[in-house]
Amino acid sequence: MDSECHWCGDYSKGQSNAILFNILSRPEPSAPNYGRVPHACRCETRRKVCLRTPDDTCRVASGVLVKTMQFMRSLPAFQQLPPKDQLSLLQNCWTPLFILGLAQDGVHFAIHDAPAASMLKQILLNRPEADKSEREQPTLGGVQTLKACLKKFRSLDLSPKEYAYLKGTIIFNPDVPGLKASLFVEGLQYEAQQALKEVLVPPHPEDTGRFARILLAASTLKVITPALITELFFRPVIGQADLLDLLMDMLFTR
């Protein structure tokens with residue numbers, strides 16, 4: 001049987017030729033591209049996570065949510081709006097308001113990897129009706145974004161009045177679709193922005209860019225989804241209930 005190598009013939013006779021062939025056949029190394037951004041693997045940020053101490057954290061979070069609803073109810077201008085406008089504004093603003101509440105109260109929380117579902121649970125949930133009720137768990141990337149927002153607001157060190165007027169600018173958002181009193185809401189937002197500017201001046205007269213930094217930080221709250229907040233802080237408490245229904249009861253029940 002012929003044992004000759006496909007590339008270099010008999011190994012014992014042509015070992016040096018094989019080595020030479022491998023050297024000569026290698027492509028020339030290309031110059032390093034220092035401008036190329038290395039590809040970051042997103043597997044880590046997609047890890048499913050949950051609260052490390054759900055009992056304590058959910059209790060604190062529930063307190064923040066109650067105070068958030070009480071703040072909205074305390075605004076006479078909000079109570080003057082048509083009920084449908086109130087509901088639309090509530091749907092749009094409750095998440096950023098809650099996050100501001102976490103920052104204002106200095107709430108810290110820890111997370112860890114969510115336990116994987118057992119094989120029996122996966123089999124039992126492999127049904128159409130179960131798939132509809134199955135909710136996506138919070139991811140590490142989403143929680144990291146939330147914590148970055150909280151850190152930003154803590155670094156701004158807002159006063160209670162600054163927080164109050166900033167919340168006003170978020171609640172009264174004339175860009176929410178379907179508002180009947182959008183012009184009235186636009187005027188309320190303008191008043192809240194002007195009030196925020198005024199309370200910034202006495203303690204920070206030399207910091208002319210503080211107002212812009214606060215509004216910029218507030219704009220980052222939009223990337224935090226209501227689903228993330230609901231599943232992370234409230235699902236362990238409310239079970240399968242709809243959180244928005246509970247918020248409506250808290251806001252509109254006299």
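In which helix is Asp-85 found? I looked this up and found Asp-85 in helix α4. I am working with a predicted model, in which local features need pLDDT of at least 70, side-chain atom pairs count only at pLDDT 80 or more, and totals for chains, interfaces and linings use all residues. Residues are numbered from 1 along each chain as its sequence is written, and side-chain values use heavy atoms, with hydrogens and water left out.

**Entry 1: the chain as a whole**

I looked up the secondary structure and found twelve helices and two strands in the protein chain. Helices (H or I, at least four residues) and strands (E, at least two) are DSSP runs, numbered from the N terminus. Along the sequence I read the pattern α-β-α-α-α-β-α-α-α-α-α-α-α-α. Of the 254 residues in the protein chain, 35% are buried. Buried means under 20% relative accessible area, exposed means over 50%, and partly exposed lies in between (1.4 Å probe, protein chains only). I then looked at contacts, which means heavy atoms within 4.5 Å. Among contacts with a separation of 6 or more, 81% are between residues 24 or more positions apart.

**Entry 2: Asp-85**

Not counting residues up to four places away in sequence, Asp-85 touches Gly-178, Leu-179, Lys-180 and Ala-181. I also looked up Val-185, which is 100 residues from Asp-85 in sequence but 9.4 Å from it in space, C-alpha to C-alpha.

**Entry 3: aromatic rings**

A search of the whole structure gave me four aromatic pairs. Phe-98 and Phe-233 form one that is edge-to-face, with 5.6 Å centre to centre and 65 degrees between the planes. Rings of Phe, Tyr and Trp (its six-membered ring) pair if their centres lie within 6.5 Å; planes under 30 degrees apart count as stacked, over 60 as edge-to-face and the rest as tilted. Ring pairs join Phe-98, Phe-109, Phe-233 and Phe-234 into a cluster.

I next checked for charges over rings, which requires NZ of Lys or CZ of Arg within 6 Å of the ring centre and within 35 degrees of the ring normal. The charged end of Lys-147 sits over the ring of Phe-109, 4.8 Å from its centre. Lys-167 lies over the face of Phe-71, at 5.3 Å from the ring centre.

**Entry 4: Thr-68**

Thr-68 lies in helix α2 (residues 54-73). Thr-68 is buried, with a relative accessible area of 6%. Which residues does Thr-68 touch, not counting those up to four places away in sequence? I found Leu-97 and Phe-98.

**Entry 5: Leu-166**

I located Leu-166 in helix α8. At 0% relative accessibility, Leu-166 is buried. Leaving aside neighbours within four places in sequence, the contacts of Leu-166 include Leu-100, Phe-153, Leu-196 and Ala-218. Ala-195 is 29 residues from Leu-166 along the chain, and their C-alpha atoms are separated by 9.1 Å.

**Entry 6: Asp-157**

Where does Asp-157 lie? I found Asp-157 in the loop between α7 (140-156) and α8. Asp-157 is exposed, with a relative accessible area of 60%. Its phi is near 55 degrees, a positive value in a residue other than glycine. I noted this because most residues other than glycine have a negative phi.
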